[in-house]
Amino acid sequence: MPPDPKLLSGTTPAQRIAMWFDLMRTADKLLLAGMRHRLGPDGDIQEEYRRWYAEQMCEHDKVVERIMSRSRSSQESAHGG
Amino acid sequence: MAAEAVQATLERAWNILNELKVPAALMGGLALVQWGRLRVTQDVDLLISLDDVRDRAVLARLAAAGYRSKGRTPVVRLEDVAFIQLLYEPPQSFVDIQIDLLLATSPFHKEALSRRVALPANALGFEAFVVSCEDLIVLKLLAGRILDRVDVADLLRINRASLDFGYLAGWVQHHHLERAFADAWNDAFPGDQPPL
């Protein structure tokens with residue numbers, strides 16, 4: 001079975017960050033290529049990317065709120081609240 | 001573009017927090033990377049303590065450096081917990097990168113910050129800290145998405161030998177996350193009894 005590419009055991013912190021940079025650049029290229037294909041040569045890819053990013057952050061905001069509110073509610077229940 | 005933009009957003013904010021002696025720790029995708037789980041991340045998430053520094057001073061410094069509020073006000077309050085949500089447009093970027101500063105006011109967040117782990121300066125190009133693997137697991141369980149469960153399973157697989165399961169059990173039980181932990185454990189080690 002091939003090694004799972006997500007598993008970075010045995011690497012240094014600097015090597016992990018370098019691999020993260022590679023992954024991010026590759027993912028970005030794929031994303032931009034997909035957007036260009038969908039929009040065509042004259043489409044505003046930067047605007048499309050900003051729209052996509054805003055959607056991603058909408059989802060992210062819900063996660064942050066969940067982490068914070070669940071921490072709070074656990075604190076309340078631990079103190080009988 | 002994204003990696004450089006995320007790093008630039010982090011580095012500038014980190015330097016400001018460092019100058020103001022605000023304790024901070026990475027807790028998002030970049031923390032995952034440091035604990036062996038590689039995946040894309042589009043933003044910066046920091047756990048910070050503002051106990052000793054007025055938040056207005058921090059916000060003023062960040063604003064002067066180009067960080068602006070995402071919403072009407074930078075501080076988002078959920079009753080007795082709060083976080084700061086900002087956007088920053090790094091040079092050569094065409095998108096504003098989001099940075100969330102979670103204020104460590106709960107006992108768990110305070111302890112997580114106190115247990116942060118130093119990263120060598122050659123990793124990100126500057127000295128930084130990440131939350132410990134145990135605390136990252138609890139944060140991921142609190143987040144509660146399928147993706148977070150996959151993150152936890154990978155973190156368990158990669159770091160099983162070095163995890164402090166006694167510490168982990170305390171916060172898992174405190175947050176009533178036993179079921180979520182058991183599910184992730186079963187994903188990581190099918191048929192193996194969870195240690196908590």
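The contact between the two chains draws on 42 residues of chain A and 55 residues of chain B. The model is a predicted one, and every value below was computed from it. Together, chain A and chain B bury about 4,400 Å², and 66% of that area lies on carbon and sulfur atoms.

**The interface between chain A and chain B**

- The size of an interface is often given as the accessible area lost when the parts come together.
- Of the area that chain A buries against chain B, 16% is supplied by A:Trp20, A:Tyr53 and A:Met68, which is more than any other three residues supply.
- Two salt bridges are counted between chain A and chain B.
- A salt bridge joins B:Lys70 to A:Asp61, with the closest N and O atoms 2.5 Å apart.

**Helix 1 of chain A against helix 1 of chain B**

- Helix 1 of chain A contributes A:Trp20, A:Phe21, A:Met24, A:Arg25 and A:Asp28 to the contact, while helix 1 of chain B contributes B:Ala2, B:Ala3, B:Glu4, B:Val6 and B:Gln7.
- Sorted by class, the residues of this contact between helix 1 of chain A and helix 1 of chain B are six nonpolar, one polar and three charged.

**Helix 7 and helix 9 of chain B**

- In chain B, helix 7 (residues 146-159) packs with helix 9 (residues 178-188) at an angle of about 60°, and their axes are 8 Å apart.
- Helix 7 of chain B is therefore oblique to helix 9 of chain B.
- The crossing of helix 7 of chain B past helix 9 of chain B is right-handed.
- On the side of helix 7 of chain B, the contact is made by B:Arg149, B:Val152, B:Ala153, B:Leu156 and B:Arg157; on the side of helix 9 of chain B, by B:Phe181, B:Asp183, B:Ala184, B:Trp185, B:Asp187 and B:Ala188.
- Seven residues of the contact between helix 7 and helix 9 of chain B are nonpolar and four are charged, with no polar ones.

**Helix 4 and helix 6 of chain B**

- Helix 4 (residues 107-114) and helix 6 (residues 133-143) of chain B cross at roughly 145°, their axes coming within 10 Å.
- Helix 4 of chain B passes helix 6 of chain B in a crossing that is left-handed.
- B:Phe108, B:His109 and B:Ala112 of helix 4 of chain B meet B:Asp135, B:Val138, B:Leu139 and B:Leu142 of helix 6 of chain B.
- The contact of helix 4 with helix 6 of chain B comprises five nonpolar residues, one polar and one charged.

**Salt bridges in the whole structure**

- Over all chains, the structure holds 21 salt bridges.
- B:Asp151 and B:Arg37 form a salt bridge whose closest N and O atoms are 2.7 Å apart.
- B:Asp151 belongs to helix 7 of chain B and B:Arg37 to the loop between helix 2 (29-34) and strand 2 (44-48) of chain B, so this pair ties together parts that are 114 residues apart in sequence.

Notes: Residues numbered from 1 in each chain as written. Chains lettered and ligands numbered in written order. Predicted model: local features only at pLDDT ≥ 70, side-chain atom pairs only at ≥ 80, totals over all residues. Heavy atoms only, no water. Axes fitted to C-alpha atoms, helices over the stretch in contact; angles between N-to-C directions. Helix = DSSP H or I, 4+ residues; strand = E, 2+ residues; numbered from the N terminus. Parallel < 35°, antiparallel > 145°, perpendicular 65-115°, else oblique. Left-handed = near helix turned anticlockwise from the far one by under 90°. Contact = heavy atoms within 4.5 Å. Nonpolar A, V, L, I, M, F, W, Y, C, P; charged D, E, K, R; others polar. Buried area = accessible area lost by both parts, 1.4 Å probe. Salt bridge = Lys/Arg side-chain N within 4 Å of Asp/Glu carboxyl O.
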